[in-house]
Amino acid sequence: MKVLSSLLIFMLLLISCSTTTTEEQQPIIKRKEVTVSDMVKNVDQPIMVPRKMGSFSNNEIVTFTSTLDSKAYLESVSAPDNIYTLYNEMDLVESYSFIDKEINSSQANEENISYNYIVNSQELESLTIESDVPYMLTLSSASINAKTTPAIILKGEGKCFLNIEGNVSLSDSIDNSKKGVITAEGDVIITGNGKLDVIANKKHGFKVDGNLRVLSSAITITTTKTSDGNAISVDTNFIQDGGDIAIFATNDTHGLENKGIKVNGTEERESGKLVINGGRLYIESVDKGITAGWKLEEDAETPDTSDDPDPSLYINNGMVTIITTGEIYEYSEENSLSPEGIEAKNKLVINGGIIQVSANDDALNAGSAIEINGGYIFCQSRAADAIDSNGIIKITGGTTIALGSNAPEMGIDCDSAENFSYLGGTLIAISGGNNNAPEVSDSTGCVIRDNIEGNSFALLDEKGNVVIAYTIPEGHESKNALLLASDDIKLNSTYYYISDAKLSGKNLFNGIISNAKVRGDKKELTINDYITGESQEMDFGQMRKAPPEDFDPSKMMPRFKEFK
């Protein structure tokens, strides 16, 4: 019944998004209002995506399941003594005193007074605010449906505190001459306790040259089938300290696929970072979910590398859920699609939070390093690696589940064992291809390599106590090689491994069973070294599907993880 309902919703979306529009009728996406509770429910609902011939795998989008108490993970950990949170006291509302001014038209602040511009109109077609000093723009149950311009244009160097009260809706049309529904030359700080609904029909939802920081409010951004931009495009840095963001980046037109959030970076100022400190972020996107995407080869405008941005991504807390749906293709460097879930061209660092990703390409990807120090992380790739670093991988804590696709794809991929170090935490990596195992000299924790039969396994200590019990979520079929690591696995100790275990208990987090009861055939393992077990025979699964009838191999390039 759930599958039929999902298919019906998907077909209705296709019909509504393909409706022909006229100048008198702007494109409209008909969907229910997304609330915080809806976003939580969506996490537990699979999205039915039509399979395409030539896919690498028969894996489907799994149903995310977590019984963790999310309250502590939603709190912001931004602090002045933590440089990775990009804390800035001047981004707090209480650092200013604003003078209220009700308006129903555009404003140019020539007096250099820090106003609180209050808008409650339902009839504006566009609003421009120009200011070189900090100000607040309060949208109080306002609605702006622009035709040939952005709904809101923020000019000048003044920091804008965008205060959302009540239900606010903003949209543009396909005739928008600019790059977003909301465009800003300076910093934008989103605050308030209202709901903001943004529909982008031309390009981006938000196009911000400065920093974009979200403190509070419930924000829904939809890019439609006519949009060739991203839900959020930021040139400097993106920081989420709180609030609830739901993004639906729906355009799957070849070459115009939408991303969720992209930080572009600029050589004009320190920039390039994407940081999540708290709050809730839910994304469904055709292209990448979130990306710190500045690339030296493509984006550098000066020969001096000292002014280059740092395209790094930090998740310090928060609840992040990302689903990408686009099919991987690559005809050339310019004509390609890599729908990764979370990507950083430099470093990806996870210090905490609840992160759940299901992607057609790599679920987590970084150009130089991936470091996991805490949090609960579930990452599934349906056609590539679950975790892929072109440099190093370092795991010191947290709980990480990495489900890769069929061989040669992996759960953990960092090109060589020398680049992988395990120092603590819990790690479960399952895939068709052999996972990278850490170099013994770089690890202080114990790692077990084995095969997995069926959909579950358990590890018991010598007394029969459960160390870890796990069931692969329904829908993920690529399994053969297992890499297991835990703080509870000790040197010079004996354990019992049960493959295809019969498990009962509480599903704590995407297959990790707490208070598990276990049945099955035991295999004795003696841990005499930091690495126990051998690499497994690879499972190529459904990788060698027949190509479509119109397939032309002369138009295809070998698929590379990253152009360097």
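**Notes on a predicted model**

1. Let's start with a proline. Pro408 sits in the loop between β35 (399-403) and β36 (412-413). A cis peptide bond connects Ala407 to Pro408, with omega at about 10°. Please keep in mind that this is a predicted model.

2. Next, look at the sheet. Twelve strands form an open sheet with parallel pairing, in the order β2-β4-β7-β10-β13-β16-β19-β22-β27-β30-β33-β36. Its edge strands are β2 (107-108) and β36, each of which pairs on one side only. The strand β36 also marks one end of the loop that holds Pro408.

3. Zoom in on one pair of strands. Strand β10 (residues 180-184) and strand β13 (residues 204-208) run parallel and are joined by four bridges. Which residue in β13 stands opposite Ile182? That residue is Phe206.

4. The largest nonpolar core has 82 residues, and Leu137 and Phe206 touch the most other members. Leaving aside residues up to four places away in sequence, the contacts of Phe206 include Leu162, Ile182, Ile190, Val198 and Ile232. Apart from this core lies another one of 35 residues, with Ile430, Ile452, Val467 and Phe509 among them. As background, nonpolar side chains in soluble globular proteins tend to be buried together.

5. Now for the charged pairs. The whole structure holds 17 salt bridges. In one of them, the side chains of Asp91 and Lys159 meet at 2.8 Å, N to O. Asp91 lies in the loop between α3 (71-74) and β1 (99-102), and Lys159 in the loop between β7 (152-155) and β8 (160-165), so this pair ties together parts that are 68 residues apart in sequence. Are these two residues buried or exposed? Both Asp91 and Lys159 are buried. They also belong to a network of salt bridges with Asp187, Arg213 and Asp241.

6. Another salt bridge joins Asp450 and Lys523, whose closest N and O atoms are 2.7 Å apart. Asp450 is in strand β39 (residues 446-451) and Lys523 in strand β46 (residues 523-527), 73 residues apart. Asp450 counts as buried because its relative accessibility is 6%, under the 20% limit. Lys523, at 38%, counts as partly exposed.

7. Finally, compare two asparagines. Asn510, in the loop between β44 (502-509) and β45 (512-519), has a positive phi of about 50° although it is not a glycine. Asn515, in strand β45, also has a positive phi of about 50°. Asn510 is buried, with a relative accessible area of 1%, whereas Asn515 is exposed at 71%.

How values were computed. Residues are numbered from 1 along each chain as its sequence is written. This is a predicted model: local features need pLDDT of at least 70, side-chain atom pairs count only at pLDDT 80 or more; totals for chains, interfaces and linings use all residues. Side-chain values use heavy atoms; hydrogens and water are left out. Buried means under 20% relative accessible area, exposed over 50%, partly exposed in between (1.4 Å probe, protein chains only). A nonpolar core is a set of buried Ala, Val, Leu, Ile, Met, Phe, Trp, Tyr and Cys residues joined through side-chain atoms within 4.5 Å. Contact means heavy atoms within 4.5 Å. Two strands pair if DSSP finds at least two bridges between them. A salt bridge is a side-chain nitrogen of Lys or Arg within 4 Å of a carboxyl oxygen of Asp or Glu.
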